[in-house]
Amino acid sequence: MKAFHPTSKEDNSSKLKTIGNGVVFIFLLGITTLISSCSSDDDTNAPSTNYTTAEQLLTDIDFKGYAIITKNGNDLVRQGFGLANESTALAQDDNLAYRIGSVTKTLTAAAMVQLKRDGLITSFNQTLNEFDDTFPNGDLITITQLLSHQSGIPDYQFVVEDAYEQGETLDEADIYEVIMEMISENGLNFTPGSGKQYSNSNFLIAALLIEELAQVSYHDYIQQHLLTPLNMTNTYKGTNVIDTNTHAEGYNNGSSNSTYPMTIAFGVGDFSSTPNNMETWTKAVKNNWFTASEKAEIFAEDVPSGYVDFGLGWFTTQEGNTTMYWHGGDINGYWSMIGFIPEYDATIVLLSNQQDDTGAQRNTIIQQLLTNEFN
């Protein structure tokens, strides 16, 4: 078996946070605050105020961006908040692009499902050594464990970020080598399957596997099997410098912050998309893009009330009898979240062009919606 030989490039930035029962999560273009698997949601960032409407909630927390929240086929919110570009007074719009960060992972996970449909993998229980016999401990790590953050593979973010700051640009093939070296030198963070720890390495490896098996670039595979069939014409690999005519400007504490070197986030967080396209994708997942048997593999079930758990590219939050499936993302100047609540035929798309390093807005919105709107 040979090592992966990828063909394209990407990049990232992140936070390190210890949450809940002490499990350490590293977030690269990902979730800055997330309740650890099988840990109760005791988030102290979210205020206890009850909001009368979803629009009031977003207004009161000073959300900036475009929001779509539906319930039982009706719009609760479908509008922009603030400006997409303060210099040009460009309005937020559902056809304007925003960086989506780790919401990209939902596309990568779906592409892995497509590989199985294509017969390029036979089971999510296949181990990495079947595809690359040089991968350290590859005989212990399954595809399921990759996509649900149960692999124990350390996150590459700090090493690669340090290298970038020193002027060295690493592509995805280089990062793959870095990941293998990290494991060879220090081992896995835990025995695969014995714990859960968010690691961007999992999805970079999954994206490389897509390329190796499909023999096309990762982005082309996503385009052919997800974006084109769903007519998602405004979802694309992000560029280092945004086109301000078609893309919302990102901000951090009032300053423009949307130039980003997309050389590290391969398969992890390198897509831009519009609220319109993200609604299309979320509704497709909610409805019939996955078969019933595929959904049984993808979504974490039997999650206790008040807890969050990992699935394959999606999180499950349970609050009472209400189940929410979702994923979020963070990248310089932006944060994002997509999700759906089957019990209420609800779709949620939040694309913000105001960086939120703590994840407080996303946490507040999830808590308040599940407590007051969907209960």
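Student: Which residues gather in a patch of negative charge on the surface?

Tutor: This is a predicted model. In it, Glu168, Asp174, Glu177, Glu181 and Glu185 gather in such a patch. Asp and Glu count as negative, so the patch is called negative.

Student: What makes Glu177 partly exposed?

Tutor: The relative accessible area of Glu177 is 37%. Buried means under 20% and exposed means over 50%, with partly exposed in between; therefore Glu177 is partly exposed. Glu177 has its place in helix H5, residues 172-186.

Student: Is Asp309 buried or exposed, and how do you know?

Tutor: Asp309 has a relative accessible area of 12%. Because buried means under 20%, Asp309 is called buried. Asp309 is found in strand E12, residues 307-310.

Student: Why is the contact of Asp75 with Arg78 called a salt bridge?

Tutor: The closest N and O atoms of Asp75 and Arg78 are 2.8 Å apart. A salt bridge requires a side-chain nitrogen of Lys or Arg within 4 Å of a carboxyl oxygen of Asp or Glu, so this pair qualifies. Asp75, at 46% relative accessibility, counts as partly exposed, and Arg78, at 31%, also counts as partly exposed.

Student: How many salt bridges does the structure hold?

Tutor: The structure holds 9 salt bridges. One of them joins Arg362 and Asp330, with the closest N and O atoms 2.7 Å apart. This pair links helix H10 (residues 360-373), which contains Arg362, to strand E14 (residues 322-331), which contains Asp330; the two residues are 32 residues apart. Arg362 and Asp330 are both buried.

Student: What is the order of the strands in the open sheet of 3 strands?

Tutor: The order is E7-E11-E8, with antiparallel pairing. Strand E7 (98-99) and strand E8 (236-237) are the edge strands, as each pairs on one side only.

Student: What makes E8 and E11 a pair?

Tutor: There are 2 bridges joining E8 to strand E11, residues 271-273. Pairing needs at least two bridges, so E8 and E11 pair. Phe271 in E11 is the bridge partner of Lys237.

Key. Residues numbered from 1 in each chain as written. Predicted model: local features only at pLDDT ≥ 70, side-chain atom pairs only at ≥ 80, totals over all residues. Heavy atoms only, no water. Patch = residues over 30% accessible without salt bridge, like charges linked within 9 Å, V, L, I, M, F, W, Y side chains within 5 Å. Areas by Shrake-Rupley, 256 points an atom, 1.4 Å probe, with all protein chains shown as cover. Charge placed at Lys NZ, Arg CZ, Asp CG, Glu CD. Helix = DSSP H or I, 4+ residues; strand = E, 2+ residues; numbered from the N terminus. Buried < 20%, exposed > 50% of the residue type's maximum accessible area, 1.4 Å probe, protein only.
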